[in-house]
Amino acid sequence: MSRLSLLRRLSTLAPQALKHPHPSRFAATPRGPEDAILGITVAYNNDTNPKKINLGVGAYRDDAGLPVVLEAVRQAEHNVLQRGLDMEYLPVAGSHTFVQRAIWLAYGDRIIHERHNRFAALQTLSGTGACRMAGELLTRFLDYGQRTTKPLVLLPNPSWANHKPIFTDAGCDVASYAYYNPATRALDIDACLSSLHDAPNGSVVLLHACAHNPTGVDPTPEQWAAISNVVMDKGHLPLFDMAYQGFTSGDMDVDAASVRLFADDGHRILLAQSFSKNFGLYGQRVGCLSVMTDSQNEADAINSQLKIIARPMYSNPPIAGVRLVEEILNCDQLQRLWRDEMKGMARRIMSMRSMLRDELVQLGSQHNWDHIVHQHGMFCFSGLTEHQVQQLRERFSVYLTANGRISMAGVTSENVPYLANAIHEVTRNA
Amino acid sequence: MPHSLFSAVPAAPPDPILSITAAFRADPSPKKVNLGVGAYRTDDGLPYVLPIVRQYERHFANDHSLNHEYLPQDGLTHFTVHSARLMFGKHSAPLNDNRVVTVQALSGTGALRIGFAFIATFLGQRLVYVPNPTWSNHRNVVPHAGLPPTRTYRYFDAATCAVDIDGLLADLKAAVPGSIVIFHGCAHNPTGADPSREQWKQILQVVKEAALVPFFDNAYQGFASGDLDTDAWSTRLFADSGIEMFVAQSYAKNMGMYGERVGALNVVLSSSSSVDIVRGQLKRLIRATYSSPPLHGARIAAAIMSDEHAFRSWQTELRTMSERIRNMRTRLRDCLVANGAPGNWDHIVKQIGMFSFTGLNAEQVRFIRSKYHVYMTLNGRISMAGLTEATVQYVADAICDAVKSIGRDA
């Protein structure tokens, strides 16, 4: 029975008169804020306009606007099924081989070789789980024995909306550092370096390794070097969130350049990795947290503490998704196929950016839309105001978040002209 | 290069249960037997994937209309609706009144954690009482979720190897009103000793009078007696009485989906008016922990629970697994009696579920491990699922030797 029909059936039953001696203990629970992104999806689903476009979605879509299961994943699934593996518990820290491969994907052969045995790491519930574990580790063990206040985590302004709740719930204080300049729709590197310099020594600095969410604005290699310097000078601890490795350039190694630069500069990096987007395994929750340490002993100690945090949270992580990633990375043919498919996804996004910008130019828009092609990854910070976003929704059934963030994955070669026209119309007189 | 910020981190003590498996794996003895972790094993000592589970896994892999998209924060609706119905039954008053909030969780542990995090955030710093003894992770989940360390209530009478009902009731009566009390719905872990139905009714009475809030942990529904409704009886008794409570469900054992992390948290409210708010706040807590739960196992579980034919297959497999466990209990008891092992071993067949509290002490446990390479937790708990026809005599020999060699109070 579908949920809807079950609910309908339940509502026709006469509610039992309930005489409860005590008032409900839940009566004082406050209503929480609406989830902004979910609200968009609900409104989009209810919209009957056949030309409607959903630009709020945070998952890749193909040129027909449909979800994609990578061919490499399908084959991996088939291979894994052939083996008839059991469903036993993973260790608390997850699959060791997966974790090794995840760190290797991020850092590459040379750095792995140089820092062999000095990584503490565990499999996590995707990127969210990795960030949460990082926050919990920081709260309990950063400057263990010396710190009397909560650790301070600095987030770029803006950042993924969920970062603040994750680190706050983990027991950290959260503040921001300057990052995006709305006037230029690009990185304000001077303000960024300045605010990192002004922050208390030893702060934790969260950095988006590539394809910044929500702006799509990434530092250049030179800018990364400057950021690395100030982080080192201030004794800050870099925490990289890498959820889109592969989505910026199409190449996994190129997109990890920032993390590798920091490693070569000698930073001890905390790295949260998600495999939701680059393997298309969103709902399977595949991720990894790694911590660079100075010695095997330190790595062992941190690993033991990470397990103590994980066990009362979920005991051990889910198995299905990591088996697929391992299968793909262990098989040359599948790995090549996956890398090609990753390139394909990144290229489609890039071509949608070009098409959208070109359409707007062709329509005669007086505004500069170059930032659409200069920004990277899944998202584009359009620069549209809240009012313009509302107009897009009401007049054209085009849905995006109030901050003007467009998910390029929702753009197709078929809807680009309509979308460009809609944007042009709402910005004409701006 | 400045000093690492983590250089002073101390090494944590190893987990008592999981370190057994690690030690077992490292043991080269061909006679070794693992009676540690609570995962079902066939009579060949092998892990078991339920045929109905494997069938759906294959079916879904071949269905190319399916994808791996994100689930909502509260999980797969198809799963949560059926999970609640499985737990509370078709005639459930709170379900029929729309007073139950159900969210998908990371197996039983995840359900407990989100439930206690909700309590810590919205219901104040309440005390949490756990049975003595209880699953060791209960005592970690509660403080990690932000509540004070747990207190215990008397539960197990070592003399009778059964529930100490008088001690239990007295301790609950003396508990701070409004406190949370963890109950094992069936197949108590680690003792295997469950209250009788009469005793559950007495417990409910005291819970109501003392204004306590039950948190039922159901990790073995269907696995304990072989019957899903029988094993849900205690939870349903409480839920239908009108009180507010929390209920954690795990599908690790009863569907054999251990590593898939399939579970649910149910919150039973006294009125439906808070349902949306409570659900919204649970989702927010989930969002900041792991965003959304894993898809693979939930999809399979939902399919099994919603298809009549598959459901019956599942019920058959549950009976098979629980019968093998019961058979091993009988065999072990009979072997111990035949060996002339000192003491009364009837508790082994009276206890229910995956585990038996043998009554062995830590020194006896260590003796068995080093001489016989038989592994169990230091509190003398054995996982019956780890016994097979081929090993039961050997284990009986080991226990007999330990009891004869080392005194009770050693």
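This is a predicted model: local features need pLDDT of at least 70, side-chain atom pairs count only at pLDDT 80 or more; totals for chains, interfaces and linings use all residues.
Residues are numbered from 1 along each chain as its sequence is written, and chains are lettered from A in the order in which they are written. Local features need pLDDT of at least 70, side-chain atom pairs count only at pLDDT 80 or more, and totals for chains, interfaces and linings use all residues, while side-chain values use heavy atoms, with hydrogens and water left out.

The contact (heavy atoms within 4.5 Å) takes 85 residues from chain A and 93 residues from chain B. About 7800 Å² is buried between the two chains, with carbon and sulfur atoms giving 58%; buried area is the accessible area (1.4 Å probe) that two parts lose on being put together, summed over both. In chain A, Arg25(A), Phe26(A) and Met87(A) lose the most area to chain B, together 12% of what that side buries. Across this interface there are 3 salt bridges, a salt bridge being a side-chain nitrogen of Lys or Arg within 4 Å of a carboxyl oxygen of Asp or Glu; Arg41(B) and Glu88(A) form a salt bridge through their side chains (2.9 Å, N to O).

Within chain A, an automatic or database assignment gives domain 1 (37-69 + 345-428) and domain 2 (89-330), whose C-alpha centres lie 29 Å apart. Each of the two domains contributes 19 residues to their contact. The area buried between them is about 1600 Å², of which carbon and sulfur atoms give 63%, and His376(A), Phe379(A) and Phe381(A) of domain 1 lose the most area to domain 2, together 33% of what that side buries. Across this domain interface, 0 salt bridges are found.
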